[in-house]
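The terms are defined as they come up.

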Amino acid sequence: MMMANTFSLLLIGATLLTGLVWLLDRFVLQGCRRRRVLKAEAATGKALDAATIDRLMQEPWWVEQCKGVFPVIAAVLILRSFLFEPFRIPSGSMMPTLLVDDFILVQKFAYGVKEPVTNQTLIPTGHPQRGDVVVFKYPEDPRVDYIKRVVGLPGDRIIYRNKQLFIQPACPSGKDCPSIEKVEQTFLNSGDFMQGGVPLERYQEQLGSVSHKLLKNPAQPDFVPMYFHQVGNEADEWVVPEGHYFAMGDNRDNSKDSRFWGFVPEHNLVGKAVFIWISFEFDRDPGSPLPGWIPTGVRFERIGGIQ
């Protein structure tokens with residue numbers, strides 16, 4: 001999705017810099033200005049008028065700017081680091097749930113209050129549930145944020161065969177194990193979305209308590225030889241290790257996900273995608289004089305919660 005830590009580091013740096021200037025003014029520079037007023041009064045032998053005092057007590061421009069900006073960026077840092085963070089969807093791997101240029105909010109505290117740079121959990125608050133749409137640091141390059149749907153929980157056996165998902169929930173030792181079951185999918189329609197000129201089939205899938213839509217390309221085979229191979233299992237079968245999750249895109253034949261690179265460590269979780277706050281269209285004619293970054297419209301019907 002985007003480079004994960006760059007903006008966080010810039011925001012933390014700006015907060016520290018402006019905060020240090022605020023402290024410097026509070027405990028050092030204000031005293032220097034007061035002493036300057038007292039020195040001027042001692043030199044003239046009388047109290048200075050209000051205008052002169054205001055002039056001598058006036059903050060340098062750089063102090064004034066930093067003091068004005070500090071509470072704003074500190075509030076943004078707290079909001080973005082611990083509560084909600086905005087993201088833009090750059091690809092179609094989560095269609096039809098999320099479209100390119102949907103702007104979403106991610107609940108940062110859904111899976112623990114975390115330190116914003118190292119992502120270390122400070123306060124545990126919960127764990128992903130099957131069907132959650134989550135943002136996480138891409139295991140093969142943690143600088144990059146990915147968004148997918150949680151399909152497998154720790155201990156689950158996952159099979160994806162002939163475009164059909166099967167799940168055997170984790171089996172606690174000493175108990176009767178549930179059988180592996182086909183995940184319920186209901187065909188809805190075809191042709192609302194296209195891929196390489198092929199109409200995509202849209203289905204309704206039931207993942208635990210979550211009912212969501214997904215896309216399949218009937219003309220594209222499963223790329224089983226490219227799947228991540230877990231020793232001891234078939235090429236299209238995986239057992240999710242403890243402390244990890246199996247994540248897949250809703251656009252099943254156009255998503256680089258756990259089938260190809262493996263499991264998502266719990267440490268990599270950033271948060272739960274909960275809301276689309278704006279969605280833009282960029283359907284501009286190539287000959288348009290306007291720059292391409294200017295939206296051509298807003299998809300108001302997409303604003304709302306993410307299922």
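## Terms and basis

Two strands pair if DSSP finds at least two bridges between them. Helices (H or I, at least four residues) and strands (E, at least two) are DSSP runs, numbered from the N terminus.

The model is predicted: local features need pLDDT of at least 70, side-chain atom pairs count only at pLDDT 80 or more, and totals for chains, interfaces and linings use all residues. Residues are numbered from 1 along each chain as its sequence is written, and side-chain values use heavy atoms, with hydrogens and water left out.

An open sheet is formed by 3 strands in the order 10-11-12, with antiparallel pairing. Strand 10 (185–195) and strand 12 are the edge strands, each pairing on one side only. From one strand to the next, the twist averages 30° (axes are lines fitted to C-alpha atoms, for helices over the stretch in contact; angles run from 0 to 180 degrees between N-to-C directions).

Strands 10 and 11 run antiparallel and are joined by 7 bridges. Phenylalanine 187 has tyrosine 203 of strand 11 as its bridge partner.

## The largest pocket

A pocket is an open set of points on a 1 Å grid over the protein atoms alone, where a 1.4 Å probe fits, with protein on both sides within 12 Å along at least five of seven lines; lining residues have an atom within 4 Å of a point. The largest pocket has a volume of about 210 Å³ (the space filled by probe spheres set on the points, which are joined across faces, edges and corners).

Strand 11 (198–207) and strand 12 (210–216) each supply at least two lining residues. Strand 12 gives the largest share, 3 residues. The lining includes Arg202, Gln204, Ser211, His212 and Lys213.
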